[in-house]
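Reader: I have a structure open and want to learn how to read it. Where do we begin?

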Amino acid sequence: MEDKLQIYNTLTRRVEKFVPNEPGKVAMYTCGPTVYHFAHIGNLRSYLMEDILEKTLRYIGYDVKRVMNITDVGHLSSDADTGEDKMIAGAKREHKTVMEIAKFYTDAFFEDCRKLNIKTPDVVEPATNCIDEFIHMIEVLLEKGYAYRAGENVYFDTSKLKEYYVLTNHSEESLLEGVRDDVDVDLNKKNKNDFVLWFTKSKFEDQALKWDSPWGVGYPGWHIECSCISMKHLGEYMDIHCGGVDNIFPHHTNEIAQSESYLGHKWCNYWFHVHHLNDKSGKMSKSKGAFLTVSVLEENGYDPLVYRLFCEQSHYRKPLEFSYEVMDQVKSAYEKLRRRISGLSAEGEVDAEAFARYRGEFEDALCSDLNTASAITVLYDMLKADISEATKRALAASFDEVLGLSLTEPLPETAGGADDELTAWVEEMITKRAEAKKAKDFATADAIRAELLARGVQIKDTREGVVWELVSQN
Ligand code: AMP
Ligand code: ZN
């Protein structure tokens, strides 16, 4: 098969052709959630776009094996190894054990993913399953001289590397500012960017999860988890590693440092990072207190797939600002799209030439650094084209393998779905109103708007045209 995906690689800082180590096969790894709280919709933007990447790879013919960890130990409140373990903080907050917290929020995470049509990776491995693997890797790093013991912890020695900042071209100082959200400096470290591979109880007396190790009873650092879990399931060579942009430093930088020191060769060729979802006050984060979850969106009347479309309409490498105004527009557009597609007849012949042509255009959009917004434009163009309904329906079903918007399923009535008769009437009224406005007959245009509202239909004029939704009539 032909390698045709062009993708931005954080390692080389340019868009390049994706060529896996083994032809036709992709070894893919995703940093999983830290399960001390619900995922916010920012976290889920990262998992959504990684899902699009995986599905694109499959769509263009690769056999993908995707692995994800669950961080249930070792991720401290600052990414630079200081502060309390996030899991313990979660357990204290809810008066539960760490394992109860991990189970509850792992299940909640996959439930959110299910609602967003995010496929579960082929392998999901909690960090607490792999303690022996972590200990083995740390032993080898100590033997090879890349690690040292200090204050009863084991640290990775970044000064042993020819190049540590492979993923960033920032200066050391500016990188540290983003990471150190406290002033707790660890005096055991020989170099300021050294990081912990193994903590012992000497550092945190109240650590709930502890294991025996050659260096005393303790627990692993966060970074070592992803190196070991990916190698356990994908071997010594990986094609593509994913995460949000905040993972670039220090997490992924440290993963590369320890993995390549352990292996003695290059480890992963492509690094894929999704930019952040922001709210008006900046990056959405769990530590900020109140944050937006899938359940909050549902409580506010949004199908989670409206959020999926919201994310797909912008590029994964750009920051995205969340707003309910835009969500409202996307909601109307989404419902209209789904009504239109689920109403298409599957009867009759599929035009093979048209199918191949539009499928090709759709693939080209995705292969151009995952341009999901262009892929959606191809969907709209296709729906407007002069081809049979059966062809349109087949193409929509095919595109949905990547877009994951349940496009061919009818809208459930409870989600505000309108029957076909009402839809046809509303469309007719919208057309009449447009004609009235064109003729400068604003009185008629306003009367039509009022008539629609009287039947519970609210219309809005947007740049994309008129959108409408059902509103309650009390
Ligand atoms: P965590 O559960 O904190 O380990 O984060 C899970 C994933 O969400 C990681 O890949 C982070 O990089 C990513 N992430 C965190 N905050 C955001 C955000 N505001 N927007 C997008 N991705 C994020
Ligand atoms: Zn990771």
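Reader: Which residues come nearest to ligand 1?

Author: Keep in mind that this is a predicted model. Here a residue is near a molecule if one of its heavy atoms lies within 4 Å of it. There are 18 residues around ligand 1, and Thr34, Gly42, Ser46, Asp246 and Leu277 come nearest.

Reader: What kinds of residues make up the shell around ligand 1, nonpolar, polar or charged?

Author: Sort them by class. Eleven are polar, four are nonpolar and three are charged.

Reader: How do I read the polar contacts of ligand 1?

Author: Look for pairs of N or O atoms within 3.5 Å. Start with threonine 34. An N or O atom in its side chain is 2.8 Å from an oxygen atom of ligand 1. Next comes asparagine 43, with a polar side-chain atom 3.0 Å from an oxygen atom of the ligand. Glycine 244 uses its backbone: an N or O atom there lies 3.1 Å from a ligand oxygen atom.

Reader: How much of ligand 1 does the protein bury?

Author: Compare the ligand alone with the ligand in place. Alone, ligand 1 exposes 500 Å², and the protein buries 94% of that.

Reader: Now the sheets. How do I read one?

Author: Begin with the general idea. Strands of a sheet pair through backbone hydrogen bonds, either parallel or antiparallel. Then read the strand order. One open sheet here has four strands in the order β8-β9-β10-β11, and the pairing is antiparallel.

Reader: Why is one side of β8 and of β11 left without a neighbour in the sheet?

Author: Both β8 (147-150) and β11 (218-220) stand at the edges. Each has a single partner strand, so one side of each has no neighbour in the sheet. Check the twist as well: from one strand to the next, the average is 25°.

Reader: How many bridges join β9 to β10?

Author: Three bridges join β9, residues 153-156, to β10, residues 195-200, and the two run antiparallel. Find phenylalanine 156: opposite stands phenylalanine 195 in β10.

Reader: Which helix packs on this sheet?

Author: Helix α4, residues 131-143, does. Helix α4 touches β8, β9, β10 and β11, and its direction makes about 120° with that of β10.

Reader: What is the strand order in the three-strand sheet?

Author: The order is β15-β14-β16, in an open sheet with mixed pairing. Strands β15 (282-283) and β16 (320-321) stand at the edges with a single partner strand each, so one side of each lacks a neighbour in the sheet. Two bridges join β14, residues 277-279, to β15, and these strands run antiparallel. In one pairing, aspartate 279 has glycine 282 of β15 as its bridge partner.

Reader: Which peptide bond is cis?

Author: Check omega. The bond from phenylalanine 249 to proline 250 is cis, with omega near 0°. Proline 250 is in helix α7, residues 248-263.

Conventions
Residues numbered from 1 in each chain as written. Chains lettered and ligands numbered in written order. Predicted model: local features only at pLDDT ≥ 70, side-chain atom pairs only at ≥ 80, totals over all residues. Heavy atoms only, no water. Polar contact = N/O pair within 3.5 Å; in protein donor to acceptor, adjacent residues only side chain to side chain. Areas by Shrake-Rupley, 256 points an atom, 1.4 Å probe, with all protein chains shown as cover. Nonpolar A, V, L, I, M, F, W, Y, C, P; charged D, E, K, R; others polar. Pairing = 2+ DSSP bridges. Axes fitted to C-alpha atoms, helices over the stretch in contact; angles between N-to-C directions. Contact = heavy atoms within 4.5 Å.
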